[in-house]
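Here is a short briefing for a first look at this structure. Keep the 3D view open as you read.

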Amino acid sequence: MNYNNFIARFNGVKQTGTNQYMALCPAHEDHNHSLSISLSDDGTKILIYCFAGCSTEEILQKSGLNMADLFLVSANDKKQ
């Protein structure tokens with residue numbers, strides 16, 4: 001999965017900066033775009049944070065994603 005496909009899993013996505021987005025959190029009744037989605041500095045990981053306190057696991061589960069989807073570079077890619 002790439003970053004754009006990951007972001008497409010969320011509703012109400014608004015770009016707030018380079019590779020930075022806010023979205024409606026799927027893990028709670030959200031009306032205020034409380035979910036932050038961004039890339040790590042090295043571009044290998046997707047960082048998500050809900051300002052309402054939802055856990056990463058809850059957010060991913062409600063989005064049909066898993067922890068592995070947060071990593072854009074697999075262990076095999078790093079070896080090459």
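At 17% relative accessibility, Asp 69 counts as buried, because the cut-off for buried is under 20%. The model is a predicted one.

**Asp 69 and its contacts**
- Asp 69 sits in the loop between H2 and helix H3 (75-79).
- Asp 69 touches Met 1, Phe 6 and Ile 46, leaving aside residues up to four places away in sequence.
- Asp 69 and Phe 6 are 63 residues apart in sequence. In space, their C-alpha atoms are 7.7 Å apart.

**The nonpolar core**
- In soluble globular proteins, nonpolar side chains tend to be buried together.
- The largest nonpolar core here has 17 residues. Phe 6, Phe 10, Leu 35, Ile 37, Ile 46, Ile 48 and Ile 59 touch the most other members.
- Five elements each supply at least two residues of this core: helix H1 (3-7), strand E2 (20-24), strand E3 (35-39), strand E4 (46-50) and helix H2 (56-62).
- Ile 46 touches Tyr 3, Phe 6, Ile 37, Ser 38, Leu 39, Asp 69, Leu 70 and Leu 72, again without residues up to four places away in sequence.

**Strands E3 and E4**
- E3 and E4 pair in the antiparallel sense, over five bridges.
- Ser 38 has Leu 47 in E4 as its bridge partner.
- The hairpin of E3 and E4 has six residues between the strands. Within this hairpin, Gly 43 takes a positive phi near 75 degrees.
- Ile 46, Ile 48 and Cys 50 form the covered one. Leu 47 and Tyr 49 form the uncovered one.

**Aromatic pairs**
- The structure holds three aromatic pairs.
- One of them joins Tyr 3 and Tyr 21, with ring centres 5.9 Å apart. Their planes lie at 65 degrees, so this pair is edge-to-face.
- That pair links distant parts of the chain: Tyr 3 is in helix H1 and Tyr 21 is in strand E2, 18 residues apart.
- Tyr 3 counts as buried at 8% relative accessibility. Tyr 21 counts as buried at 14%.
- Tyr 49 and Phe 51 make another pair, with ring centres 4.8 Å apart. Their planes stand at 85 degrees, so this pair is edge-to-face too.
- Tyr 49 and Phe 51 are exposed.

**Ser 34 in its loop**
- Ser 34 lies in the loop between E2 and E3.
- Is Ser 34 buried or exposed? Ser 34 is buried, with a relative accessible area of 9%.
- Its side chain makes a polar contact with the side chain of His 28, at 3.5 Å.
- The residues that Ser 34 touches include Met 22, Ala 23, Tyr 49 and Cys 50.

**Cysteines**
- A disulfide is a covalent bond between the sulfur atoms of two cysteines.
- How many disulfides does a search of the whole structure find? The search finds zero.
- Cys 50 is in no disulfide. The nearest cysteine sulfur to that of Cys 50 belongs to Cys 25, 3.7 Å away.
- Cys 50 counts as buried at 2% relative accessibility. Cys 54 counts as buried at 14%.

Methods
Residues numbered from 1 in each chain as written. Predicted model: local features only at pLDDT ≥ 70, side-chain atom pairs only at ≥ 80, totals over all residues. Heavy atoms only, no water. Core = buried A, V, L, I, M, F, W, Y, C linked by side-chain atoms within 4.5 Å. Buried < 20%, exposed > 50% of the residue type's maximum accessible area, 1.4 Å probe, protein only. Helix = DSSP H or I, 4+ residues; strand = E, 2+ residues; numbered from the N terminus. Contact = heavy atoms within 4.5 Å. Phe/Tyr/Trp six-rings, centres within 6.5 Å; stacked < 30°, edge-to-face > 60°. Pairing = 2+ DSSP bridges. Polar contact = N/O pair within 3.5 Å; in protein donor to acceptor, adjacent residues only side chain to side chain. Disulfide = S-S within 2.5 Å.
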